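User: I have a protein open here and would like to talk through its layout with you. Could we start with the charges and then move on to the fold and a couple of residues?

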Amino acid sequence: MALLDSISKNLIKVPLSSMDKDGIIRELVSVYASEEGLSEAKEKEIVSIVEEREQLGSTAMENGLAIPHAKIDGLDKVAVVIGISRLPVQFGSPDGKGTSVFFLVLAPPDNPSEHIQILSSIAKACSSQLFMRMLLSSKTKDDVYNLFFE
């Protein structure tokens, strides 16, 4: 599965309103849970799993990008939730700077190669400073979606 196969306009939120790491994770998971019609209990479970993964080491990278991710039982395919924050959030990046672009990757546990491939594709796409500037200047979910599909 390619990154583009995992992107849905309904799983994009611009702008994010949370201003801390835990809030960003909850907000991104909430977008997914709402779209998938998940119970509040399942949503809380996913938040907990993503936060546990984050405690192992921050998924923030340099240049304002973070890719929180987790393997979730019961998923049948990889889901990618994209969020853009107007103001940088401290997410634990190695350069100590704030993070504004978030890709939450939720994957079924039985296909680790697909999970790794999606993470790699996101990192590669976002290694372009031009692409990152375009993401950061996006005002709506349509703007973000169009960056990938136009």
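User: How far apart are the mean positions of the positive and negative charges of the protein?
Analyst: Bear in mind that this is a predicted model; in it, the protein has 15 positive and 21 negative charges, and their mean positions lie 6 Å apart.

User: OK, switching to the fold: how many helices and strands are there?
Analyst: The protein has 6 helices and 5 strands, and, read from the N terminus, the elements follow the order α-β-α-α-β-β-β-β-α-α-α.

User: And what is the radius of gyration against that of a compact globule?
Analyst: The protein has a radius of gyration of 14 Å, which agrees with a compact globule, because 150 residues packed that way would give a value near 15 Å. Along its principal axes, the C-alpha trace spans about 35 × 30 × 25 Å, and buried residues account for 44% of the 150 residues.

User: Now H115, is that buried or exposed?
Analyst: H115, which sits in helix α4 (residues 112-125), has a relative accessible area of 4%, and because the cut-off for buried is under 20%, H115 counts as buried.

User: Which residues is H115 in contact with, leaving aside neighbours within four places in sequence?
Analyst: With those neighbours left aside, H115 is in contact with H69, A70, K71, V105 and A107.

User: What about Q129, buried or exposed?
Analyst: Q129 belongs to helix α5 (residues 129-136) and counts as exposed, with 55% relative accessibility. Q129 and N63 are 66 residues apart in sequence, while their C-alpha atoms are 8.1 Å apart in space.

Terms used: Residues are numbered from 1 along each chain as its sequence is written. This is a predicted model: local features need pLDDT of at least 70, side-chain atom pairs count only at pLDDT 80 or more; totals for chains, interfaces and linings use all residues. Side-chain values use heavy atoms; hydrogens and water are left out. Helices (H or I, at least four residues) and strands (E, at least two) are DSSP runs, numbered from the N terminus. Buried means under 20% relative accessible area, exposed over 50%, partly exposed in between (1.4 Å probe, protein chains only). Contact means heavy atoms within 4.5 Å. The radius of gyration is taken over C-alpha atoms; the globule rule is 2.2 Å times the number of residues to the power 0.38. Lys and Arg count as positive and Asp and Glu as negative; His and the chain ends are not counted. The place of a charge is taken as NZ of Lys, CZ of Arg, CG of Asp or CD of Glu.
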